Amino acid sequence: MAYAIIRAGGRQEKVSVGDTIVINRVAGAAGDSVEFAPVLLVDGDKVTSAKADLEKVTVTGEIVEDLRGPKIRILKYKNKTGYKKRQGHRQELTRLTITGIA
């Protein structure tokens, strides 16, 4: 079973064909194809980590859907001054399926 470690959405992900991952939002609609370059390692018949060998390999994925992460509540408070500030954040995410490592 071949796998690769790719940089996607600001993080590194270990993926193989058929995996579904959730990363930071990628431009495109559902059904579009996205390509990633492996960062660290490709393991097929043998482990490859040389930069010259990794440049020949591409990892492709298909966008399944766009979604938003859980709500994060941010609260700032200073004692005895009456200062309170509340803010929320929801990260925009993309779910995609890895279709090939070639």
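Four strands form an open sheet in the order E2-E1-E5-E6, and their pairing is antiparallel. At the edges of this sheet lie strand E2 (11-16) and strand E6 (47-48), each of which pairs on one side only. The model is predicted.

- Strands E1 and E2 run antiparallel and are joined by six bridges.
- Within this pairing, Ile5 stands opposite Lys14 in E2, and Ala8 stands opposite Arg11 in E2.
- The hairpin has two residues between the strands, and Gly9 takes a positive phi near 65° there.
- Lys14 also places its charged end over the ring of Tyr3, at 4.4 Å from the centre of that ring.

**The largest nonpolar core**

- The largest nonpolar core has 16 residues, of which Ile6, Ile23, Phe36 and Val59 touch the most other members.
- At least two residues of this core come from each of strand E1 (3-8), strand E3 (20-24), strand E4 (33-36), strand E7 (59-68) and strand E10 (92-101).
- Strand E1 gives the most to this core, namely three residues.
- When residues up to four places away in sequence are not counted, Phe36 touches Ile6, Arg7, Ala8, Ile23, Thr58, Val59 and Leu96.
- The count of aromatic pairs in the model is zero.

- Glu62 is found in strand E7.
- Is Glu62 buried, exposed or partly exposed? Its relative accessible area is 38%, so Glu62 counts as partly exposed.
- Leaving aside neighbours within four places in sequence, Glu62 is in contact with Gly31, Asp32, Arg95, Leu96, Thr97 and Thr99.
- Glu62 and Ile98 are 36 residues apart along the chain, and their C-alpha atoms are separated by 6.4 Å.

**Salt bridges**

- Side chains of opposite charge can pair when their charged atoms come close.
- How many salt bridges does the model contain? The count comes to four salt bridges.
- Glu13 forms one of these with Arg11, and the closest N and O atoms are 3.2 Å apart.
- Glu13 has a relative accessible area of 15% and is therefore buried, because buried means under 20%.
- Arg11, at 39% relative accessibility, counts as partly exposed.
- A salt bridge also joins the side chains of Glu92 and Arg25, with an N to O distance of 3.7 Å.
- This pair links distant parts of the chain: Glu92 belongs to strand E10 and Arg25 to the loop between E3 and E4, 67 residues apart.
- Glu92 is partly exposed at 38% relative accessibility, and Arg25 is partly exposed at 35%.
- The side chains of Glu65 and Arg95 meet in a salt bridge with an N to O distance of 2.3 Å.
- Glu65 in strand E7 and Arg95 in strand E10 are 30 residues apart, and the pair links distant parts of the chain.
- Glu65 is partly exposed, with a relative accessible area of 33%, and Arg95 counts as partly exposed at 27% relative accessibility.

Terms used
Residues are numbered from 1 along each chain as its sequence is written. This is a predicted model: local features need pLDDT of at least 70, side-chain atom pairs count only at pLDDT 80 or more; totals for chains, interfaces and linings use all residues. Side-chain values use heavy atoms; hydrogens and water are left out. A nonpolar core is a set of buried Ala, Val, Leu, Ile, Met, Phe, Trp, Tyr and Cys residues joined through side-chain atoms within 4.5 Å. Buried means under 20% relative accessible area, exposed over 50%, partly exposed in between (1.4 Å probe, protein chains only). Contact means heavy atoms within 4.5 Å. Two strands pair if DSSP finds at least two bridges between them. Rings of Phe, Tyr and Trp (its six-membered ring) pair if their centres lie within 6.5 Å; planes under 30 degrees apart count as stacked, over 60 as edge-to-face and the rest as tilted. A charge sits over a ring if NZ of Lys or CZ of Arg is within 6 Å of the ring centre and within 35 degrees of the ring normal.
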